[in-house]
Amino acid sequence: MPEGTPVATSPTSRSTAGDAVPAGPKAVARDSTAGLLFGIGAYVLWGMLPLYFYILMPAGAVEIVANRVVWSLLFCALLITVTRSWGVLAVALRDRRVFGSLALAAFLIAINWLTYTYGVTTGQAVETSLGYFINPLVSVLLGVLVLKERLRPLQWTAVGVGFVAVGVLTYSYGKLPWIALTLAFSFGLYGFVKNRVGSRVDAITSLSVETMVLAPLAAVAMVVLAASGSSTLTSQGAGHFWLLLASGVITAVPLLFFGASARRLPMTTIGLLQYFAPVLQFLVALLVFREAMTAERWIGFGVVWLALLLLTVDMLRTTRRNSLARKAALRQAA
């Protein structure tokens, strides 16, 4: 899933004097199209991630995540070398507030990755998709509980509907859907922590610091698994070996796509694109993994989707209202 906080920017071009001037309509259209393609690419890759974990079996969640951390760090080191960003990384490591926030983010995303991988590899991919459907509701709830934000009526309604959905799903599963809730809250808190860091670090620097924090634990896990004979890295053939090593690229590429998209698209569009990933995860679970969906679970998912529809309507209405207010202010200032 997305790691980092999107920053919407307006496309600009440079004059010969070096001053920023508004981009022409064609340039804006090209930029928006590229942003849309990058965004779809990122969320499609995240949505298809269960298939990757499936072909890595019999590797378990701990081994997959440990390899993902170690090889992601090596891939990030390569990217930082190519982009000559070691100085930027050093600044982030020296800043105690930034490093502390990213260290906390690292442990939150580790919980998220372990839970997600465990869910997929144990035949519970439907519930993992539920976690990312619930995530926007958790983000709204965190805004109230942590940031003391005031919600609009439609947002309150969506949160209330979300609680009803969790109740229905708890009944249908016969237990609290802890995988979905762990994913939703860990990623919601991860996004909150990353939002506090803001634009002080870019996506690759952020991922590099997070993987540096987790790499010692991941390396120990790999050694323990190898010593106990539980590691599959070198015991399942060359194809399996290279697929596990590819986890670094598979982690970083959608993140790069997402960053390229976030720079070109408004937050509203990014917010709508995020539903691509859980929808694809849900479809993979049903059509490829053939996981069962009882009538009660369909009802529970339907209630979740209703809550998301309410949130989306509220977001679009608010965006339109703010846009009209800005245009009116510009007309008055002219």
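In this predicted model, the protein chain folds into 14 helices and two strands. Along its principal axes, the C-alpha trace spans about 75 × 50 × 35 Å. Buried residues make up 47% of the 334 residues. As for what touches what, take the contacts with a separation of 6 or more: 83% of them are between residues 24 or more positions apart.

Next come the helix pairs. Two packed helices are described by the angle between their axes and the distance between the axes. Helix 3, covering residues 61–83, packs against helix 5, residues 96–121, at an angle of about 135 degrees, and their axes are 9 Å apart. On the helix 3 side, the contact is made by Ala61, Val62, Ile64, Val65, Arg68 and Val69, while helix 5 brings in Trp113, Leu114, Thr117, Tyr118 and Thr121. Sorted by class, the residues of this contact are eight nonpolar, two polar and one charged.

A second pair is formed by helix 2, residues 49–56, and helix 10, residues 238–245; their axes come within 10 Å and cross at roughly 145 degrees. Here the crossing is left-handed. Helix 2 puts Tyr52, Ile55 and Leu56 into the contact, and helix 10 answers with His240, Leu243 and Leu244. What classes do these residues fall into? Five are nonpolar, one is polar and none is charged.

The loops have some details of their own. Between helix 2 and helix 3 runs a loop that holds Pro58. The peptide bond joining Met57 and Pro58 is cis, with an omega of about 20 degrees.

Further along, Arg84 sits in the loop between helix 3 and helix 4, the latter covering 86–94. Its phi is positive, about 55 degrees, although Arg84 is not a glycine. Is Arg84 buried or exposed? With a relative accessibility of 77%, and with exposed meaning over 50%, Arg84 counts as exposed.

Arg290 turns up in another loop, the one between helix 13 (276–288) and helix 14 (295–333). Arg290 also isn't a glycine, yet has a positive phi of about 55 degrees. At 65% relative accessibility, Arg290 counts as exposed, because the cut-off is over 50%.

Finally, there is a glycine to look at. Gly259 belongs to helix 11, which takes in residues 247–262. Its relative accessible area is 15%, and since buried means under 20%, Gly259 is buried. How far is Gly259 from Leu311, which is 52 residues away along the chain? Their C-alpha atoms are separated by 24 Å.

Notes:
Residues numbered from 1 in each chain as written. Predicted model: local features only at pLDDT ≥ 70, side-chain atom pairs only at ≥ 80, totals over all residues. Heavy atoms only, no water. Helix = DSSP H or I, 4+ residues; strand = E, 2+ residues; numbered from the N terminus. Buried < 20%, exposed > 50% of the residue type's maximum accessible area, 1.4 Å probe, protein only. Axes fitted to C-alpha atoms, helices over the stretch in contact; angles between N-to-C directions. Contact = heavy atoms within 4.5 Å. Nonpolar A, V, L, I, M, F, W, Y, C, P; charged D, E, K, R; others polar. Left-handed = near helix turned anticlockwise from the far one by under 90°.
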